[in-house]
There are 2 protein chains.
Amino acid sequence: MQTHFTIDCVIFSFDEGQLKILLAERNEYPYKEWWALPGYFVNKYEEMEDAVARILFEMTGLKDIYMDQLAAFAGVKRHPEGRILTVAYMALVQMEEVKNKIAPTSDYMRQLKWFPVAELPELAFDHRDIINLSLERLKKSVTYSTAPYELLPTKFTLTQLQQVYESILNKKLDKRNFRKKINNLGYLKELNEYQKGVSYRAAKLYSFDKRKFQKQFSQD
Amino acid sequence: MQTHFTIDCVIFSFDEGQLKILLAERNEYPYKEWWALPGYFVNKYEEMEDAVARILFEMTGLKDIYMDQLAAFAGVKRHPEGRILTVAYMALVQMEEVKNKIAPTSDYMRQLKWFPVAELPELAFDHRDIINLSLERLKKSVTYSTAPYELLPTKFTLTQLQQVYESILNKKLDKRNFRKKINNLGYLKELNEYQKGVSYRAAKLYSFDKRKFQKQFSQD
DNA sequence: TCAAAAGTGTTAGGTGTACACCCATGT
DNA sequence: ACATGGGTGTACACCTAACACTTTTGA
């Protein structure tokens, strides 16, 4: 038996203290003018990961993006025209790098827009389920993956990092406890640089040492 | 674009103190006479989960089995005849219930056999990758899923439970620490029954209270 | 001088880990 | 009586969670 085969991407970013997801307004039936996850058919001789990278590049202008397979969704009734199997991925991008690079339109979508996760519109197909799963996955992985640092610029403040944690975990964290924990991680580098352009005391900047991170997690 | 679409199952059980996987010897090309994960094509109007349940029933004679989607594998080169997308599932069964129910043969497989995870033969396709992923997943979920109890009979000793943990985590655990932790779980019920037919002091039997378990994990 | 966010320690309770011996049972 | 696994406690290190004030800076 054969099935149509697409990939869909939950593209996360962090901006204005909020976790956001990039959605596309469809320009095709079914669900014309509905918001949906960016995604498209996989080409015959194309690897899934390459299809995801291709679509991410079309959407954001970025290459070498962090991506992770979520699950396959293949409900017989998820598409009115019959089964279309989709493999969902989540991707994490830095908002600074993406801004003004978002591809505006194409024949099959009218516009792309970032939505805070708390303010998502109604979505086409089962895309809401896919997003819910991705949020779960992100939560579980926040402490033992590079996810927070994929969402942040290379130099960031501890407050920004805390906001990323808070927006992913969807709860407030205690500042002192957070900083104590962060200090014990061993893979953050305290820089001798400070925030600029703020009208209050400038915060120290930190960077993420991916090599040290991987060393720690390769022992288990 | 369309693709062939199958499901494959990593079926785990626990027996003789070891974690085991059910494998099928193929009777078809490619990989004829190789060991492979049980799996087959999904029918046109069949939900994936139903296909998994169907195949599990054919293989083990059991219904209502614990199953969990692992991931989609869709490499262009994974099958010599072109892309066949497979969605891998893991399933957990109790060996006692399965014994003597295993379907012996069919036109596409010669035999089914349980292999300890430490003694797996060379496998067809990318099935070794699928198993490796399932082992990882099982490890991660052992403390916060019902997995250990799916593998055990309804009444079990703490030593059996510890062996399940050890075989999943692939390391020895300290008996006293393990029992202390288990005592704090809150969803195990100490029965007033004891092991029978052993030539040494009989161990107390315990059972798993699924309702209490779910209550605990629904608060997060 | 004010507004805004940066930065900083201590305590108490709970959890993880290391470690060795006696007990009950069937043969 | 012996072989086999069942069952038990303590001490230390570490992590978690609760909690409030002073400092720095730019406007």
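**The protein surface at the DNA**

Mentor: The largest contribution to the surface near DNA strand D comes from α6(B), which gives four residues. Bear in mind throughout that this is a predicted model. In all, 17 residues surround DNA strand D, and the closest are N177(A), K180(A), R201(A), K175(B) and R179(B). By class, the residues of this surface are four nonpolar, three polar and ten charged. Of the atoms of DNA strand D that lie within 4 Å of the protein, 35% belong to sugar or phosphate, and the rest belong to bases.

For R176(A), a polar side-chain atom lies 3.3 Å from a base nitrogen of DNA strand D. R176(B) likewise has a polar side-chain atom by a base nitrogen of DNA strand D, at 3.4 Å. The elements that give two or more residues to the surface near DNA strand D are α6 (175–183) of chain A and α6 (175–183) of chain B.

Now turn to the other strand. DNA strand C is surrounded by 17 residues, of which the closest are T159(A), K175(A), R179(A), N177(B) and K180(B). Sugar and phosphate make up 38% of the atoms of DNA strand C that come within 4 Å of the protein. The residues of the surface near DNA strand C are four nonpolar, three polar and ten charged. Here α6(A) gives the most, with four residues.

K180(B) places a polar side-chain atom 2.6 Å from a base oxygen of DNA strand C. The elements that give two or more residues to the surface near DNA strand C are α6 of chain A and α6 of chain B.

The arrangement of the two chains can be stated briefly. Chain B is superposed on chain A by a rotation of 180° with 0.0 Å of shift along its axis, at an RMSD of 0.0 Å. That is the relation of a two-fold axis. Of the interface residues of chain B, 100% are also interface residues in chain A, so the copies meet through the same surface.

Next, consider what α6 packs against within its own chain. Two packed helices are described by the angle between their axes and the distance between the axes. In chain A, helix α5 (residues 158–169) packs with α6(A) at an angle of about 100°, with the axes 11 Å apart. That makes α5(A) roughly perpendicular to α6(A). On the side of α5(A), the contact is made by L158(A), T159(A), L161(A), Q162(A) and Y165(A), and on the side of α6(A) by K175(A), F178(A), R179(A) and I182(A). The residues of this contact are five nonpolar, two polar and two charged. T159(A), K175(A) and R179(A) take part in the contact of these helices, and these residues are also among the closest to DNA strand C.

In chain B, helix α5 (residues 158–169) and α6(B) pack at an angle of about 100°, and their axes are 11 Å apart. That makes α5(B) roughly perpendicular to α6(B). The contact is formed by L158(B), T159(B), L161(B), Q162(B) and Y165(B) of α5(B), together with K175(B), F178(B), R179(B) and I182(B) of α6(B). By class, the contact of α5(B) with α6(B) has five nonpolar, two polar and two charged residues. K175(B) and R179(B) belong to this contact, and both are among the residues closest to DNA strand D.

A few backbone details complete the account. Most residues other than glycine have a negative phi, and most peptide bonds are trans. The peptide bond from Y29(A) to P30(A) is cis, with omega near -5°, and P30(A) lies in the loop between β2 (18–26) and β3 (35–36) of chain A. In chain B, the peptide bond from Y29(B) to P30(B) is cis, with omega near -5°. F125(A), in the loop between β7 (109–116) and α3 (127–141) of chain A, has a positive phi, near 50°.

Conventions: Residues numbered from 1 in each chain as written. Chains lettered and ligands numbered in written order. Predicted model: local features only at pLDDT ≥ 70, side-chain atom pairs only at ≥ 80, totals over all residues. Heavy atoms only, no water. Near = heavy atom within 4 Å. Polar contact = N/O pair within 3.5 Å; in protein donor to acceptor, adjacent residues only side chain to side chain. Nonpolar A, V, L, I, M, F, W, Y, C, P; charged D, E, K, R; others polar. Least-squares fit on C-alpha atoms with pLDDT ≥ 70 in both. Contact = heavy atoms within 4.5 Å. Axes fitted to C-alpha atoms, helices over the stretch in contact; angles between N-to-C directions. Parallel < 35°, antiparallel > 145°, perpendicular 65-115°, else oblique.
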